[in-house]
Amino acid sequence: AAPTLAVVGATGSVGTVMLELLSSRRNVWGEIRLIASASSAGRELTCRGESLVVRELTPEAFDGVDVAMFDVPDEVSLEWAPVAVARGAVVVDNSAAYRMEPDVPLVVPEVNQEVLEHRPRGIVSNANCTTMAMIMAIAPLHREYGLRELVLASYQAVSGAGQIGVDVLHDQLSKVAGDRALGSRPGNVRQAVGDDLGPFPAPLALNVVPWSGDLAQWGWSSEELKMRNESRKILGLPDLKVSATCVRVPVVTGHSIAVHAVFAAELDADGARDVLRHAPGVIVVDDPEAGEFPMPIDAVGTDPSWVGRIRRAIDDPRALDLFVTGDNMRKGAALNTVQIAELLAADL
Ligand code: 2RA
């Protein structure tokens with residue numbers, strides 16, 4: 001029989017994109033079971049044209065489930081992924097709870113699908129959305145030229161912080177709209193926006209905020225360490241040098257990353273462009289004279305990582321600078337999880 005899939009966190013913003021993807025991709029699933037916290041249980045959602053009632057997260061909800069996709073907070077994954085595994089499911093988890101565990105594979109199908117085979121705990125992790133967009137472009141370049149170092153700056157959309165992030169940005173934009181004095185004197189944007197900053201430490205409207213995630217260690221944010229640690233794990237380069245600065249920008253959906261990548265071999269921009277044109281899940285958009293760059297307003301709602309501004313560094317023939325944009329809700333979260341689940345289903 002066709003395998004049974006559970007979607008845990010089905011009513012959340014990533015869960016919503018998961019249901020859209022399941023409705024539009026090749027249908028490999030038998031039953032699809034939607035699961036959420038008690039407060040969302042009983043809601044009706046549509047998937048594959050069927051109306052489905054959301055079930056409460058209980059151990060019994062996993063009975064008969066072959067693959068369970070989780071998009072819930074870290075602490076919920078920590079508690080419930082082992083429960084799903086004990087009931088016979090393989091879990092694909094989009095939280096940070098298990099990503100760096102040595103016995104949990106961290107999988108990006110286009111990059112390191114082979115590690116999916118070894119999953120002794122029955123759990124597979126999905127990478128963070130910021131790492132994901134970037135790694136899609138960097139992995140094929142690494143295979144060709146041998147990566148040595150990454151210097152990264154992210155430009156992260158508010159939907160990475162959930163629906164609350166999107167709502168807060170739109171509220172702030174309506175508060176600042178039309179007042180042309182705003183942004184030209186210290187403090188007046190803060191005053192117009194007021195105290196409702198939602199999940200962000202400062203106003204996003206008419207601003208950029210060099211902070212994403214929590215304080216981790218030595219002044220680095222959790223998001224910056226995720227970019228470093230996850231890149232090392234996915235590429236199998238435990239000593240890779242990575243420095244990231246993660247920045248939140250007033251964009252709804254689409255995380256972008258400015259990348260300076262140093263390789264072992266000398267390279268040129270045309271060669272790199274050619275490698276990227278042949279890379280799965282990557283689209284090259286690189287014609288500045290025609291105004292063609294990778295940008296969130298174009299990449300939103302699409303599957304690939306968009307890559308452009310590809311230049312060899314002027315002062316280092318082994319280094320490349322480029323700009324990547326990807327939909328943080330799709331490949332950055334829901335799509336990669338669904339792709340992993342589909343690979344597992346094909347192997348059942
Ligand atoms: C963010 N990367 O953009 C986080 C979401 N997982 O806030």
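Select S256 first. Its bridge partner in β14 is T325. Keep in mind that this model is predicted.

Now show the two strands, β11 (residues 255-263) and β14 (residues 319-326). They run antiparallel, and 8 bridges join them. Strands of a sheet pair through backbone hydrogen bonds, either parallel or antiparallel.

Next, bring up the whole sheet. Its 6 strands follow the order β10-β9-β11-β14-β13-β12. The sheet is open, with mixed pairing. Go to its edges: β10 (241-248) and β12 (282-284) each pair on one side only. On average, neighbouring strands are turned by 20 degrees against each other, direction ignored.

Then select helix α8, residues 269-277. Helix α8 lies across β12, β13 (305-312) and β14, at about 165 degrees to β13.

Move to the ligand. Which residues are around it? Select N128, C129, T130, Q156, G160, A161, S212, E223 and N328. This shell divides into 2 nonpolar, 6 polar and 1 charged.

Zoom out and colour by domain. Domain 1 covers 5-127 + 333-346, and domain 2 covers 131-328. Their C-alpha centres lie 26 Å apart. The contact takes 13 residues from domain 1 and 17 residues from domain 2. On the domain 1 side, α3 (109-112) and α10 (330-346) give two or more residues each. By class, that side has 8 nonpolar, 3 polar and 2 charged residues.

Last stop: residues 4-119. An unreviewed UniProt entry lists them as "domain: Semialdehyde dehydrogenase NAD-binding". The span is 25% helix and 23% strand, and its end C-alpha atoms lie 19 Å apart.

Technical notes: Residues numbered from 1 in each chain as written. Predicted model: local features only at pLDDT ≥ 70, side-chain atom pairs only at ≥ 80, totals over all residues. Domains from an automatic or database assignment. Contact = placed C-beta atoms within 7 Å. Helix = DSSP H or I, 4+ residues; strand = E, 2+ residues; numbered from the N terminus. Nonpolar A, V, L, I, M, F, W, Y, C, P; charged D, E, K, R; others polar. UniProt positions renumbered as here; feature names shortened; annotations may be inferred. Near = placed C-beta within 6 Å. Pairing = 2+ DSSP bridges. Axes fitted to C-alpha atoms, helices over the stretch in contact; angles between N-to-C directions.
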